[in-house]
Amino acid sequence: MKRRRPVKKTIIGVTGVFGSGKSTVSRIFRSFGADIIDADRIAHRYLLPGAKAYKAIVNSFGRGVLKARRKIDRRKLARLVFSDRKSLNKLNSIIHPGVITQIKSGIKKAKKGIVVLDAPLLLEAGLKGLVDELVVVVVDRESLIRRLVKKTSLKKEDILKRIRSQIPLRKKKRAADFIIDNSGTIKKTSEQVKKVINEIQGGSCGEIRD
């Protein structure tokens, strides 16, 4: 494949289905010098007491989603919204506008080079237009469920509910510029990330000077 000419700043969106290893891939990009914008981390700040979305979430879903010190229990909230599409859409309508504003601000402020937008709902939230290249992380279903059961203690049924709440993987793959298979070792995943960087920006994630 012909290598593309380096650009001053390239925004790479990293997405995939729940549990595919997007954060792992983003950390590898970071190890090669990329800046990371973590959409999940931004969203979690909107769940904290005092955040703009906090009151709207409690009003919409009740004080039953709270735990000690008035904090929102993310597990309770997740069980609620992933069991009901309307509830999930309601939560997204509360959180997404602020998160998207923060993402756009982060992209604007980012230095030259490769900037990775790690966003599990990148396509669902209509953010594809913000990125220059889309990386979709995939993993075989058996490995995905096994890893998530071990990592999160979620039951298989709950894992599948979260996966079904997202755009199907086959559609995400069709939208992808690059696909990274995270079913194997970290070394194999890292090799694939390096190939993406080589293709996009000549092997460098850092700033390209005039």
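Reader: How many bridges join strand β1 to β3?

Author: This is a predicted model, and strand β1 covers residues 9–16. In β3, T10 has I114 as its bridge partner, and I11 has V115. The two strands run parallel. The number of bridges joining β1 to β3 is six.

Reader: Which residue in β3 does I37 stand opposite?

Author: Strand β2, residues 35–38, is joined to β3 by four bridges. These two strands run parallel. The residue in β3 that stands opposite I37 is L117.

Reader: In β4, what is the bridge partner of G16?

Author: Strand β4 comprises residues 133–138. β1 pairs with β4 in the parallel sense, over five bridges. In β4, the bridge partner of G16 is V137.

Reader: How many residues of strand β3 are buried?

Author: A residue is called buried when its relative accessible area is under 20%. Strand β1 is mostly covered, with seven of its eight residues buried. Strand β3, residues 113–118, is mostly covered as well. The number of buried residues in β3 is six of six.

Reader: Is I57 buried or exposed?

Author: I57 is found in helix α3, which spans residues 52–61. The relative accessibility of I57 is 0%. The limit for this class is under 20%. Because its accessibility is 0%, I57 counts as buried.

Reader: What distance separates the C-alpha atoms of I57 and Y46?

Author: Leaving aside residues up to four places away in sequence, I57 touches Y46, L47, G62, I72, L77, L91, I94 and I95. Y46, one of these, lies 11 residues from I57 along the chain. The C-alpha atoms of I57 and Y46 are separated by 9.4 Å.

Reader: Why is α1 described as oblique to α9?

Author: Two packed helices are described by the angle between their axes and the distance between the axes. Helix α1 (residues 22–31) and helix α9 (residues 186–201) have axes that come within 10 Å and cross at roughly 60 degrees. That angle makes the arrangement of α1 to α9 oblique.

Reader: How many nonpolar residues does the contact of α1 with α9 have?

Author: On the α1 side, T24, V25, I28 and F29 take part, and in α9 they meet I186, T189, S190, V193, V196 and I197. By class, this contact has no charged residues and three polar ones. The number of nonpolar residues is seven.

Reader: In which kind of crossing, left-handed or right-handed, does α6 pass α7?

Author: Helix α6 is formed by residues 141–152 and helix α7 by residues 156–164. Their axes are 10 Å apart, and the helices pack at an angle of about 120 degrees. That makes α6 oblique to α7. The crossing in which α6 passes α7 is right-handed.

Reader: How many charged residues are in the contact of α6 with α7?

Author: R141, L144, I145, L148 and V149 in α6 meet K156, I159, L160 and I163 in α7. Divided by class, the residues of this contact include seven nonpolar and no polar ones. Lys and Arg count as charged, and the contact includes R141 and K156. The number of charged residues is two.

Methods. Residues numbered from 1 in each chain as written. Predicted model: local features only at pLDDT ≥ 70, side-chain atom pairs only at ≥ 80, totals over all residues. Heavy atoms only, no water. Axes fitted to C-alpha atoms, helices over the stretch in contact; angles between N-to-C directions. Parallel < 35°, antiparallel > 145°, perpendicular 65-115°, else oblique. Contact = heavy atoms within 4.5 Å. Buried < 20%, exposed > 50% of the residue type's maximum accessible area, 1.4 Å probe, protein only. Pairing = 2+ DSSP bridges. Left-handed = near helix turned anticlockwise from the far one by under 90°.
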